[in-house]
Amino acid sequence: MGLNLRKAHVYEKVGKRQEMQLVAENHIVRIRCSEGGPLFVQSGQVYSEGGDVIKPIPAWFWPEYEKVSPEMRKIVGLALPSDVTAKAGPLTEKPALPIPTKDCPECGKEVKKASFGLHVARHRKADKVS
Ligand SMILES: [Zn+2]
């Protein structure tokens, strides 16, 4: 699937100021800087103006693409390399999960859920003794 510039470029002149407004759903991000471009991002691919898939993606592209809002990056389906490594990175250690606790109605202490029953039982025992 090539770059769908035809559908993507559904801009319309709107209002008295003749502002161009994107009216199509087919989102495309245009990236350009002094080092090159324009390049177009659509459906997770980077294309040249001619519609060819750009590979490898030039280094200048990423800092420019980073300026695009995360929402828009999601819409055009291309993540930043830093996003990708964060997702695909090796999970050697699982992050420590917070231990579920319950507040003891007797003493107000935070007690581990796993030992909550035992904790409460101790209170009961103590009550009987006193
Ligand atoms: Zn308690």
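Helices (H or I, at least four residues) and strands (E, at least two) are DSSP runs, numbered from the N terminus. Buried means 20 or more other C-beta atoms within 10 Å of the residue's own, exposed 12 or fewer, partly exposed in between, with C-beta atoms placed from the backbone.

This is a predicted model, in which local features need pLDDT of at least 70, side-chain atom pairs count only at pLDDT 80 or more, and totals for chains, interfaces and linings use all residues. Residues are numbered from 1 along each chain as its sequence is written.

Next I checked strand pairing (at least two DSSP bridges between two strands). Strand 3 (residues 29–33) runs antiparallel to strand 4 (residues 36–42), with 4 bridges joining them. I noted Leu39 in strand 4 as the bridge partner of Ile31.

I then listed contacts (C-beta atoms, placed from the backbone, within 7 Å). Beyond four places in sequence, Ile31 contacts Gly37, Pro38, Leu39, Val41, Phe61, Glu64 and Tyr65.

Last, I looked at Glu106, in the loop between strand 6 (101–103) and strand 7 (110–112). Glu106 counts as partly exposed because it has 14 C-beta neighbours inside 10 Å. Leaving out residues up to four places away in sequence, Glu106 touches Val120 and His123.

Note on methods:
Two residues are in contact if their C-beta atoms, placed from the backbone, lie within 7 Å.
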